Amino acid sequence: DKANYRHFMAKEIHEQPEVVGHTLARYVDMGTERVVLPARLPFDFKDVQRISITACGTASYAGFVAKYWFERFARVPVELDVASEFRYREAPLRKGDLAIFISQSGETADTLAALRYAKSQGAHTLSVVNVPTSTIARESEIVMPTLAGPEIGVASTKAFTCQLMVLAALAIAAGRGRGELSEADETKLVHGLVEVPRLIAAALTTEPQIEKLAREIAKSKDVLYLGRGTSYPLALEGALKLKEISYIHAEGYAAGELKHGPIALIDETMPVVVIAPYDRVFEKTVSNMQEVAARGGNIILMTDAKGAQEATVESLVTIILPDMAATFTPIVYAIPVQLLAYHTAVVMGTDVDQPRNLAKSVTVE
Ligand code: M6R
């Protein structure tokens with residue numbers, strides 16, 4: 001049931017401190033501050049030469065964030081594909097490569113077909129799934145569960161942040177296994193992860209501000225989302241979430257791609273949501289914001305206190321998220337992104353939990 005919420009989506013957004021916490025507890029030993037995976041791996045990360053990650057929609061954006069983590073922590077090349085492309089492009093996989101599949105439902109037809117293809121190529125198959133009895137879970141060599149609990153709203157929210165939690169733990173394990181992370185590095189990263197549930201709770205307190213902002217966004221025809229580094233996949237996720245439930249056209253772009261095309265769209269009627277925690281690419285994103293501001297674009301900046309202070313650009317609204325380890329910001333910045341889509345849809349009066357033309361689980365291709 002919806003408890004006291006108007007929609008399942010609202011309930012699921014608010015459950016995130018708890019369910020991300022459960023997921024964390026399954027992957028991290030709090031006593032020793034080590035990552036402990038819930039399933040034994042039938043291979044050594046040292047022998048993995050390449051990882052492929054395949055999923056659809058929001059799950060693919062979790063995979064996109066994970067690509068940055070695996071490459072940084074474990075120095076292993078990662079190829080990311082949406083399942084509908086992967087399954088037909090006959091990607092060469094080597095025996096012993098690791099193929100990761102991410103799916104909330106575990107029933108997505110394209111993801112399942114991609115999994116079967118990877119198996120036929122002799123790759124190790126590992127799935128990150130929320131429904132443990134699903135077909136994808138049953139057919140994978142290794143299952144890494146997300147503990148989000150049942151997700152009813154068509155728009156994926158808590159499954160996404162739980163997927164990120166699992167993938168972060170897995171990327172740390174890969175880094176340790178390949179000797180790219182020291183024990184001290186692991187401890188530091190685990191410290192960062194352990195903070196995440198509390199930071200998600202803090203991020204939820206931005207809701208009244210976002211609710212107000214949603215009334216403005218609801219007047220727009222198009223919205224642009226920008227981000228760099230791990231905030232780039234989150235920009236894609238923000239745009240997907242907004243369009244699927246509010247039916248407002250939105251696009252996500254890598255901030256650095258702005259001048260390669262989308263900047264032509266910018267005028268006073270186009271809100272630009274910039275996801276920019278104060279991290280090592282922050283200054284670069286600020287220069288993109290200046291380009292937007294110079295053309296009269298309305299900036300909605302999602303950042304932290306330091307970022308708000310250093311951003312030398314006038315924004316329509318600045319949403320301040322808690323200070324945290326830069327590495328794991330996507331798990332926390334997902335919250336304002338989800339809330340903005342949710343409240344905009346509520347203002348628009350759409351069927352938030354059952355948006356038109358969409359199904360919760362896409363079992364046909
Ligand atoms: O069940 P899955 O995670 O495999 O589903 C994948 C996508 O269909 C799903 O994430 C979809 O994009 C959501 N409606 C996004 O909110």
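1. Helices (H or I, at least four residues) and strands (E, at least two) are DSSP runs here, numbered from the N terminus. By that rule V143 sits in strand β7, residues 142-145. The model is predicted: local features need pLDDT of at least 70, side-chain atom pairs count only at pLDDT 80 or more, and totals for chains, interfaces and linings use all residues. Residues are numbered from 1 along each chain as its sequence is written, and side-chain values use heavy atoms, with hydrogens and water left out.

2. V143 is partly exposed, at a relative accessible area of 26%. The classes are buried under 20% relative accessible area, exposed over 50%, and partly exposed in between (1.4 Å probe, protein chains only). Contact means heavy atoms within 4.5 Å. Setting aside neighbours within four places in sequence, V143 is in contact with A39, S127, V129 and A137.

3. S127 belongs to strand β6, residues 124-129. S127 is buried, with a relative accessible area of 0%. Beyond its neighbours within four places in sequence, its contacts are F101, I136, A137, S140, I142, V143 and M144.

4. Now the sheet. It is open, with 5 strands in the order β9-β8-β10-β11-β12 and parallel pairing. Two strands pair if DSSP finds at least two bridges between them. The edges are β9 (249-254) and β12 (317-321); each has a single partner strand, so one side of each lacks a neighbour in the sheet. Twist averages 20° from one strand to the next.

5. Inside this sheet, β8 (residues 222-227) and β10 (residues 271-275) run parallel, joined by 4 bridges. L224 stands opposite V272 in β10. Helix α13 (residues 329-348) packs on the sheet and touches β8, β10, β11 (298-304) and β12. The direction of α13 makes about 145° with that of β11. Axes are lines fitted to C-alpha atoms, for helices over the stretch in contact; angles run from 0 to 180 degrees between N-to-C directions.

6. Helix α10 (residues 231-246) lies across β8, β9 and β10, at about 175° to β9. S246 is in α10 and counts as buried, at 2% relative accessibility. The S246 side chain reaches the backbone oxygen of L242 at 2.7 Å. Not counting residues up to four places away in sequence, S246 touches T344, A345, M348 and T350.

7. Which residues come nearest to the ligand? Of the 14 residues around it, they are S103, Q104, S105, T108 and E244. Near means that a heavy atom of the residue lies within 4 Å.

8. A polar side-chain atom of E244 lies 2.3 Å from an oxygen atom of the ligand. For T108, a polar side-chain atom is 2.5 Å from a ligand oxygen atom. A polar backbone atom of V154 is 3.0 Å from a nitrogen atom of the ligand. Alone, the ligand exposes 410 Å², and the protein buries 90% of that. Accessible areas come from the Shrake-Rupley method with a 1.4 Å probe.

9. Last, H14 in helix α1, residues 8-14. Is H14 buried or partly exposed? Partly exposed, because its relative accessibility is 25%. H14 is in contact with Y5, L204 and E207, leaving aside its neighbours within four places in sequence. H14 and I335 are 321 residues apart in sequence, yet 9.1 Å apart in space, C-alpha to C-alpha.

Definitions and conventions
Polar contact = N/O pair within 3.5 Å; in protein donor to acceptor, adjacent residues only side chain to side chain.
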